[in-house]
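Colleague: I would like to go through the labels in this model. Please give the criterion each time.

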Amino acid sequence: KGWAPFQYSSHDQKNLYWHSYFLISLLEGRRSKCGFEKRLTDSDYYSGKVEQVCNATLTDARNSEDCCYHHMVSYALQLCQQNGFLGRRDLDFLTEDKCIGSSNDGQYKFATCQDNLEYRTVRASSRSIEATGYAAMWLMSRGQYEDSVPMILWLASQRSENGGFRSSQDTVIGLQALSMFAEFSSAGRSENTDLVLVIGKGRSYFEKILIDEENRLAVKEVMLTPTTGDYKIKWTGEGAAFVQMISTYHVSEVNYAPVYRLKAEATMFENGSPAVAVKFQLPREASSTMFLLEVSAPTGLVFTKAVVEGQMQLTDGGWSGSVTRYDIKENGQRLQLYLDPSSSERILQFTIPLTSRFTVTNRMPAQVTLVDYYEPSLRQTVFYSIGEQGSFDQGTVLQGDASCSLSLTCDDLRAAEGILIGYPAKMSGDLLVVKNALPYKACRGTFVKQMKAKVGFARSADVSCVEGLDGGRSFFLLRYKDETTVEITGMASYDAVLSKVTECYSVISECGDI
């Protein structure tokens with residue numbers, strides 16, 4: 001299961017699916033096998049060969065009932081007909097409702113494929129995502145753009161926080177379908193994007209996003225307050241934007257099935273530097289061609305390329321022959337190791353080095369997950385914890401002048417009377433003007449008006465610390481001087497504290513007895 005050669009070879013209708021896969025690759029590219037800019041229809045020899053494959057595929061397709069591959073075959077035959085290789089042969093067996101499921105309200109539609117026979121809002125199988133991508137492209141290739149919208153919405157709902165899906169194959173097809181829809185949907189509109197989005201809760205709006213031609217491909221992130229309730233999004237202007245909500249939380253109390261006998265624990269190298277030791281066992285009869293080990297770093301610690309690369313070069317590090325490649329994500333917060341199941345070793349153990357970045361107390365457990373890359377339902381997750389040893393604490397959240405440093409803990413966030421997120425603009429007398437201001441926490445009343453805030457300084461020396469923020473999006477801890485005036489007690493860049501704020505979301509909104 002997975003990439004086409006492995007996926008189709010063992011199937012009883014492998015010729016049908018191989019032919020369909022071949023036709024899609026060939027007809028979408030519209031190039032000869034040598035890569036020249038010559039159209040296939042310009043060559044009688046190649047045209048004849050392709051026409052034979054198209055007609056053989058159509059004959060076999062009438063006898064296939066496998067919903068996992070029905071939509072791929074349909075799309076291949078549609079391309080054959082559009083390129084003149086099927087003449088006027090009847091394709092009436094390719095109906096819009098065959099192998100298609102729907103949510104109760106009809107908003108979402110998806111391909112029904114063995115383990116995805118009903119509407120699932122959380123996580124669909126890799127094969128269903130791939131099949132739904134082909135189904136959407138089949139409809140769009142017929143000019144039925146409106147009919148493809150429920151499938152496009154379903155595909156968008158299945159994307160991960162990194163923009164992909166479950167595996168390489170379904171990600172390629174899923175993103176192709178989404179990009180095809182984006183191309184068709186924008187074909188008739190003006191080329192100039194001028195869109196304004198505002199995000200709010202209750203009766204007010206607190207975040208404004210401007211999208212134009214220069215930044216329309218950029219990703220913009222907004223951190224929402226950790227309280228329950230309905231958020232709202234309003235937009236005006238012309239253009240298109242994709243909005244996705246990502247929820248990060250800790251679920252260390254969940255008991256996962258020990259399918260890989262996965263274990264993880266904090267350890268230290270002889271020089272005192274921190275590391276995580278991971279041990280697991282791959283199944284002996286594994287049909288997969290790849291496994292993915294994903295390791296998260298505790299807050300204040302990161303994975304760095306230089307240190308990880310150095311560990312990979314060690315012959316006694318346990319990595320040789322089993323790790324085919326690695327990726328470091330989220331500025332070092334997550335490490336992904338791609339494992340080759342053909343390795344002679346079935347029981348593997350890695351010692352993965354960590355690098356300290358800043359001081360943290362009350363660290364939450366970090367997550368380690370091992371998953372079959374092409375069968376994501378086969379996964380196991382465990383957690384490990386690193387204590388507060390002094391040897392791990394080698395920095396602070398905000399680098400620079402020591403008088404401006406901020407060592408942030410969950411207790412600090414809980415104790416803060418106010419928290420403000422925004423862009424430091426200019427001084428107005430003794431007050432700092434903060435634009436695009438979001439009151440993340442306001443225990444004694446609002447201090448933001450028309451998305452602006454004027455804040456004082458608990459210490460006059462802190463005025464000089466504002467320069468270290470470089471005018472970027474920033475995070476301010478506040479205390480109330482009176483009912484409407486607040487003072488800064490600490491500040492840092494937004495990116496520097498984001499992971500800590502996420503970790504402490506369950507207590508950050510507590511106000512206590514004020």
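Modeller: The search of the whole structure finds 8 aromatic pairs. Rings of Phe, Tyr and Trp (its six-membered ring) pair if their centres lie within 6.5 Å; planes under 30 degrees apart count as stacked, over 60 as edge-to-face, the rest as tilted. This is a predicted model: local features need pLDDT of at least 70, side-chain atom pairs count only at pLDDT 80 or more, and totals for chains, interfaces and linings use all residues. Residues are numbered from 1 along each chain as its sequence is written, and side-chain values use heavy atoms, with hydrogens and water left out.

Colleague: Why is the pair of Trp 18 and Tyr 21 called edge-to-face?

Modeller: The ring centres are 6.5 Å apart and the planes stand at 90°, so the pair is edge-to-face.

Colleague: What makes Trp 18 count as partly exposed?

Modeller: Its relative accessibility is 32%. Buried means under 20% relative accessible area, exposed over 50%, and partly exposed in between (1.4 Å probe, protein chains only). Therefore Trp 18 counts as partly exposed.

Colleague: Why is the pair of Phe 280 and Phe 350 edge-to-face?

Modeller: The planes are at 75° and the centres 5.7 Å apart, so this pair is edge-to-face. Phe 280 lies in strand 7 and Phe 350 in strand 12, 70 residues apart. Both are buried.

Colleague: How do you know that the charged end of Lys 232 sits over the ring of Tyr 205?

Modeller: The criterion is NZ of Lys or CZ of Arg within 6 Å of the ring centre and within 35 degrees of the ring normal. The charged end of Lys 232 is 4.5 Å from the centre of the Tyr 205 ring and sits over it. Arg 325 lies over the face of Tyr 338, at 4.3 Å from the ring centre.

Key
Helices (H or I, at least four residues) and strands (E, at least two) are DSSP runs, numbered from the N terminus.
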